[in-house]
Amino acid sequence: MLEDDFQEHLYEQKKQCIQRARRVFEKAINYYRTSAPELKEERAMLLEEWLNMESSFGELGDVSLVQAKLPKKLKKRRQTQSDDGLSAGYEEYIDYLFPEESQTTNLKILEAAYKWKKQKIVSDDE
């Protein structure tokens with residue numbers, strides 16, 4: 001009986017430690033999202049570490065919690081310039097598109113379509 005109570009106590013302590021670790025990761029992710037949005041790569045690396053941590057917890061871990069926040073990796077190209085201002089070709093780089101960013105982009109498109117439709121109705125009436 002005493003052994004069962006001890007095991008249950010250990011289990012509860014582990015759950016509390018995991019909750020504290022999650023709060024630390026959530027605070028860090030919120031910092032990168034609000035205070036340093038230009039540090040996308042660092043934010044993506046932090047999410048990868050959080051995913052690794054959740055998977056290492058076994059049955060106590062919740063991988064789906066982090067997977068919903070993971071960004072999509074986009075390979076992009078930008079034009080580079082030499083020191084004298086001439087075009088020196090293109091360089092490829094990785095950009096990250098986070099889920100909340102793609103939602104705002106979709107909303108902007110919908111807003112623009114709604115405004116266009118409204119303008120079209122007004123111009124047709126005149």
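1. Let's start with a side chain. Arg 78 has 40% relative accessibility, so it counts as partly exposed. Its salt-bridge partner is Glu 91, with the closest N and O atoms 2.7 Å apart. The two sit in distant parts of the chain, Arg 78 in strand S1 and Glu 91 in strand S2, 13 residues apart. Glu 91 is partly exposed too, at 34%. Keep in mind that this is a predicted model.

2. Now look at Asp 95 and Lys 76, another salt bridge, where the closest N and O atoms are 3.1 Å apart. Asp 95 counts as buried because its relative accessibility is 17%, under the 20% cut-off. Lys 76 is partly exposed, at 32%. Lys 40 joins in as well: with Lys 76 and Asp 95 it belongs to a network of salt bridges.

3. Lys 75 and Glu 92 pair up with their closest N and O atoms 4.0 Å apart. Lys 75 is in strand S1 (residues 72–81) and Glu 92 in strand S2 (residues 87–97), so this pair ties together parts 17 residues apart in sequence. Lys 75 is exposed at 61%, and Glu 92 is exposed at 54%. The total count is five salt bridges.

4. Zooming out, the protein has four helices and two strands, in the order α-α-α-β-β-α from the N terminus.

5. What about overall shape? The radius of gyration is 24 Å, whereas a compact globule of 126 residues would have one near 14 Å. The C-alpha trace spans about 85 × 55 × 25 Å along its principal axes, and buried residues make up 17% of the 126.

How values were computed. Residues are numbered from 1 along each chain as its sequence is written. This is a predicted model: local features need pLDDT of at least 70, side-chain atom pairs count only at pLDDT 80 or more; totals for chains, interfaces and linings use all residues. Side-chain values use heavy atoms; hydrogens and water are left out. The radius of gyration is taken over C-alpha atoms; the globule rule is 2.2 Å times the number of residues to the power 0.38. Buried means under 20% relative accessible area, exposed over 50%, partly exposed in between (1.4 Å probe, protein chains only). A salt bridge is a side-chain nitrogen of Lys or Arg within 4 Å of a carboxyl oxygen of Asp or Glu.
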